[in-house]
Amino acid sequence: MHTPWWKKSVIYQVYPRSFCDTNGDGVGDLQGIIRHLDHIEKLGADVIWLNPIYTSPNDDNGYDISDYRAIMPEFGTMADFDMLLNEAHKRGIRIVMDLVVNHTSDEHAWFIESRKSKDNPYRDYYIWREGKDGNLPNNWGSAFAGPAWEKTEETGEYYLHLFSRKQVDLNWENPAVRAEVYDLMRFWLDKGVDGFRMDVINYISKAPGLPDGPVNGLYGDFVPHSVNGPRIHEYMQEMNREVLSHYDVMSVGETPSVSVEDAQDFSDPERHELNMVFQFEHMGLDEDEVYGKWSTRPLPLPALKENLSRWQTALHGKAWNSLYWNNHDQPRIVSRIGNDATDAMRIASAKMLGTLLHMMQGTPYIYQGEELGMTNMHFPSIDDYRDIDTLNAYREMTAQRGLSHEDMMARIHRHSRDNARTPMQWTDGVNAGFTTGTPWLGVNPNHASINAAAQVDDPGSVFNHYRQLIRLRKEHDIITHGDYTLLLPDHPSIFAYERRWQDQVLTVICSFSNDVLHEPAIAPLCKGKLLLCSYPAADDCRLQPWEARVYLCAN
């Protein structure tokens, strides 16, 4: 059986701005990543996904790109990138880049030209419309609050921006735009990068006519007309045919709002599109219809069990799962559905959540600091936040939707993207060892107890539990190839499942309880060799708070 390298890999996501600063300007840089490659190698991860490092005005922390072929000066130079690529490859670590081609910055040369006049050669690189009856071209709202249209003085027309007004949507209907994208992809692949994570890639095909969306809150929802649009699979197949198929690389699409059926279409190897997608269903289980991601709803375990199990069974043998809890857009999982109230509970729940995910079928993604059990950060003031999504939502929710300052701050403490973006906690020293200067975003004060230096050589640490998880994935092919069956589906506090392949059975048992569980129902599941336990010892009928176990036996 031929197994592509990315099916056996574990991917470590680096958010460069917050990883390590080597020149004292308070912003992480490429040399900082090089400095800590040994940390990633020791963990056992064999691929690094870099968030955008291209030249950008940083309206959305690099997701507004003004030059796809240049390095952001804050991060270093192209020589620094070449050194990073070389040093990573020497350690057997691949590098995957972020590809952001639904939109560019409004400071990109293409858009600077496009806005000059209606007959400019670059006009059709973007989506321009006249207003309707003195109003906006349609009722779409931006994902970052406010309308999705911005008027320019030069021509009096509006351009589309599904995100910030400085993130201008490209017109993928134009073949010249697609050719430009494929050319810039080849630029990086020819340098030796090992693939792409594609930002909101299923947004690139819009419905003809750009019709109004159903009103939800202050604006119309663009999702029905801008997500998984009519030509999306044509574009993905063209990208694969023109670029990806010519290199031994990995591709993962960030695809909000996809169903399992959509995911099968995107990542069925027979369709020649992507290797896998990021789906968001499990990340939306604690949202509500009124406040969306800013809700106060807890994430319910029964729904989580149903959701993850459905994705495991639906994609088995047809497509490939990406497995993640954390990334730069999500709050820290140990604070979100684990327990960070005490250090003991934090450590236990971080280990359990890692075990639950890494024993499933798919490619696991570890976001920087997840391997340490880093937590959410409760900044005291809205002025401490840097995330445009958080700042815009605060203004809209308090000024236009009636939430009090205290209520919205509590929601931000729970869900802000800046929870994931606080600097990496390397040591218990000044600024957690991240910088000798003033960090661009405040450091979590709990770095005094949660840091890499304290964990790397501690056999009982979250870091070394993740090392064991990665080692098991590499040693046991059943984790890559086995099918999936949910066990104890109705149990309110236990998430258990088994994987079967050839003559083996792998059983995973995870407790979501703060209490000791006396549970005879798990005894029949505790059979074979105990490969991993998050506590020093295992009892066949008793689970410690947030305990996780993995057993392997013959079928």
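**Group meeting: a histidine, a helix and a helix pair**

Let me begin with histidine 161, which lies in the loop between β9 (158-160) and β10 (167-169); helices here are DSSP runs of H or I with at least four residues, strands are runs of E with at least two, and both are numbered from the N terminus. Please keep in mind that this is a predicted model, in which local features need pLDDT of at least 70 and side-chain atom pairs count only at pLDDT 80 or more, while totals for chains, interfaces and linings use all residues. Residues are numbered from 1 along each chain as its sequence is written, and side-chain values use heavy atoms, with hydrogens and water left out.

Is histidine 161 buried or exposed? Its relative accessibility is 4%, so histidine 161 counts as buried, where buried means under 20% relative accessible area, exposed over 50% and partly exposed in between, with a 1.4 Å probe and protein chains only. The side chain of histidine 161 reaches the backbone oxygen of proline 147 at 3.5 Å.

Turning to helix α9, residues 301-315, we find 15 residues reaching 21 Å from the first C-alpha to the last, close to the 21 Å expected at 1.5 Å a residue, the expected span being 1.5 Å times one less than the number of residues. Among the buried residues of α9 are Leu301, Leu304 and Trp311, and the buried residues of this helix pack against α8, β16, β18 and β19, with contact meaning heavy atoms within 4.5 Å. After α9 comes glycine 317, whose phi is positive, near 80 degrees.

Notes. A polar contact is a pair of N or O atoms within 3.5 Å; within protein, one must be able to donate a hydrogen and the other to accept it, and residues adjacent in sequence count only if both atoms are side-chain atoms.
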